[in-house]
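Look at the structure first, then read the points below.

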Amino acid sequence: MLQIYKKTMTRSEIIELLKDNDKQLFARAVAVRDAAIGPAIYLRGLIEYSNICSKDCLYCGIRKSSESTGYTLETEQILQAAKYAVYNRYGSIVLQGGENSAPAHIDKIERIVKELSRTGLGITLSLGEQSPETYRRWFDAGATRYLLRIEASDRALYEKIHPSDHSYNSRLQALQDLREAGYQVGTGVMIGLPFQTVENLADDLLFMRDMDIDMCGMGPYIVAENTPLASHSSLLEPEERRLEMTLRMIAILRLMMPDINIAATTALQAIDPDGRLRAIDAGANVVMPNLTPTDAKSRYILYNNKPMELDMRILERNVRYGERGDSAHFGARKASK
Ligand code: 5AD
């Protein structure tokens, strides 16, 4: 078994590692992380900008057809959250929200990013698929990283969990456009989806390696009430199994891509109070404490059981304060050009 803990794994070796129960995998991943980029954990303050979304993803609690009332944060609220991040020396923030391509929205985000960039914080955006021009404008305004999950890299599975107005090709194109605009690009998948196989998961990891991504956020799929995918819940593995698979995915990705940033995602903590800590101990190096004002936070419900508080034990870990914590992988790629 030990000899397959290596960087260049074959598909069948990845599948073997995913199916295996060996806990050594996690210690190996941590050792690889520490050797490649050090043991530091970086914090990014997450600001959930708006739950209004033009897309209707079959799994998501803030999909267009959801009946929850819409909110959009005031610019002042966003700046307050950013101030909190500065004060607590987080180094970076993430502005995330439903997808919206209205010109007024695009202009507004541009203005907000400009304001935010004066704080000196690293700025990550997670605002869905946009045109290359929009990506460029937001980059020029000061955002340097973008998160856009592929959600499921298998085309057939992607199509099963999205409505017909989604296009797998457009998602791939958007990831390419982000790269060309100059961002550090993050992607990721949900783990334990109905219809998903262990082969799909292995291919997700190979997809991320082939895309040469800079950052990754992946979490367990968690049922979101009143969504179409919830009707397939009988197909799901137990939550604890989905959590375990997510940890194994994180650890294997760390072996394959030692110097990327990998997030210990919030969804892990929805299943297990120790979930995010366990991800750090499986090779993750980024945590995104939620800085959204409480009122809005309770309306940005992607899935059931969303944790409202950070596990404070994370702050007792090896957190590196006051630094942006850019993706070392991105830095290395730039330097080799
Ligand atoms: N379970 C887990 N993750 C979800 N997301 C959306 N809905 C769910 C769900 N039901 C994730 C998607 C999206 C991110 C912002 O939230 O992967 O990219």
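The model is predicted: local features need pLDDT of at least 70, side-chain atom pairs count only at pLDDT 80 or more, and totals for chains, interfaces and linings use all residues. Residues are numbered from 1 along each chain as its sequence is written, and side-chain values use heavy atoms, with hydrogens and water left out.

**Helix 3 and helix 4**

- Helices (H or I, at least four residues) and strands (E, at least two) are DSSP runs, numbered from the N terminus.
- Helix 3 (residues 75-87) and helix 4 (residues 103-117) have axes that come within 11 Å and cross at roughly 30°. Axes are lines fitted to C-alpha atoms, for helices over the stretch in contact, and angles run from 0 to 180 degrees between N-to-C directions.
- The crossing is right-handed, meaning that the near helix is turned clockwise from the far one by less than a right angle.
- Helix 3 contributes Thr75, Ile78, Leu79 and Ala82 to the contact, and helix 4 contributes Lys108, Ile112, Glu115 and Leu116. Contact means heavy atoms within 4.5 Å.
- These contact residues divide into 5 nonpolar, 1 polar and 2 charged. Ala, Val, Leu, Ile, Met, Phe, Trp, Tyr, Cys and Pro count as nonpolar, Asp, Glu, Lys and Arg as charged, and the others, Gly among them, as polar.

**Helix 5 and helix 7**

- Helix 5 (residues 132-141) packs against helix 7 (residues 168-181) at an angle of about 35°, with the axes 9 Å apart.
- Helix 5 also passes helix 7 in a right-handed crossing.
- Pro132, Tyr135, Arg136 and Phe139 of helix 5 meet Ala174, Asp177, Leu178 and Ala181 of helix 7.
- This contact has 6 nonpolar, no polar and 2 charged residues.

- Buried means under 20% relative accessible area, exposed over 50%, and partly exposed in between (1.4 Å probe, protein chains only).

**Two loop residues**

- Met288 is in the loop between strand 9 (286-287) and helix 12 (294-297), and counts as buried at 16% relative accessibility.
- Leaving aside neighbours within four places in sequence, Met288 is in contact with Arg44, Leu46, Val94, Leu147, Ala263 and Arg276.
- Thr69 lies in the loop between strand 1 (42-50) and helix 3, and is exposed, with a relative accessible area of 52%.
- With neighbours within four places in sequence left aside, Thr69 is in contact with Asn51 and Arg299.
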